[in-house]
Amino acid sequence: MIDLPQAALALHARALLLISAPAVALLNATELQAMAAHEIGHEYVWIEWNRARQRADRERLKELELICDAIAAVILRQLGMDPSKLIEGVEKVTRFNRERFGSATHENSYPTLGERRAFAREIDRWLRGSYHLTAYGRVATGTLPKRGCRPRRIGRIGVTIPPP
Ligand SMILES: [Zn+2]
C-alpha cells in the first residue's frame, strides 16, 4: 500500500502491485480485486506499453488499457467473479480523482469511461460464447476463438489471452 492522495492501483516493475490508501478506502473488496486483475493484465503487455509510452503513442496506450480490461474480465470470469466490477471500480476511482484533482494529465492516454464500458460489453458477449468481438473497431477487428479453443490473438493485438 502506498501513501498517495489519489485513488490508484499500479503494477510496479512487473512484480509489485501498488494500491494507494484512498483506493483501499474507496473500493469494496470485489472492485479492488477486479482492478487488481486489470493491473495483472499490464504484465502481459508490459513491453508493448513501454514502447508505446516512449513513442508517446496515445492510441496504442489506449488500446493496451482496453486489452488489460479484457484480460481482467477473463481472469475474473475464471475465478467465478463478476467482470462488471472492474468498470464499477474504474468509475469510482475516476470520479474520486476528478472531484479532487481535476482531469489527470495522462487522461488522453486512457480510453474514456464510455469506451471502456462499450468494450466491456463486447468482452462480456465474447465470454458468454459468441464467436466474434466486433464493436470496438481498432482494438478488436479479428475473429475471437470460440470458448474452449486454444489461446490465440485478438485481432491485430499482439497478446494471447487464454480462453475462458
Ligand atoms: Zn491500466
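This is a predicted model: local features need pLDDT of at least 70, side-chain atom pairs count only at pLDDT 80 or more; totals for chains, interfaces and linings use all residues.
Of the 164 residues in the protein chain, 32% are buried.

Confidence in the model is given as pLDDT, which has a mean of 80 over the protein chain, with 76% of the residues reaching 70 or more.

| Element | Residues | Mean pLDDT |
|---|---|---|
| Helix α1, highest | residues 21-26 | 96 |
| Strand β4, lowest | residues 157-161 | 41 |

Over residues 130-164 pLDDT stays under 50, although the model does have 66 contacts beyond four places in sequence for this stretch.

How do helix α3 and helix α4 pack? Helix α3, formed by residues 46-54, and helix α4, formed by residues 58-78, pack at an angle of about 155 degrees, and their axes lie 8 Å apart. Because angles over 145 degrees count as roughly antiparallel, α3 is roughly antiparallel to α4. The crossing in which α3 passes α4 is left-handed. On the α3 side the contact is made by Glu48, Trp49, Ala52 and Arg53, and on the α4 side by Arg60, Leu61 and Leu64. By type, the residues of this contact of α3 with α4 comprise four nonpolar and three charged, with no polar ones.

Key: Residues are numbered from 1 along each chain as its sequence is written. Axes are lines fitted to C-alpha atoms, for helices over the stretch in contact, and angles run from 0 to 180 degrees between N-to-C directions. Helices (H or I, at least four residues) and strands (E, at least two) are DSSP runs, numbered from the N terminus. Angles under 35 degrees count as roughly parallel, over 145 as roughly antiparallel, 65 to 115 as roughly perpendicular and the rest as oblique. A crossing is left-handed if the near helix is turned anticlockwise from the far one by less than a right angle, and right-handed if clockwise. Two residues are in contact if their C-beta atoms, placed from the backbone, lie within 7 Å. Ala, Val, Leu, Ile, Met, Phe, Trp, Tyr, Cys and Pro count as nonpolar, Asp, Glu, Lys and Arg as charged, and the others, Gly among them, as polar. A residue is buried if 20 or more other C-beta atoms lie within 10 Å of its own, exposed if 12 or fewer, and partly exposed in between; C-beta atoms are placed from the backbone. pLDDT is the predictor's confidence in each residue, from 0 to 100.
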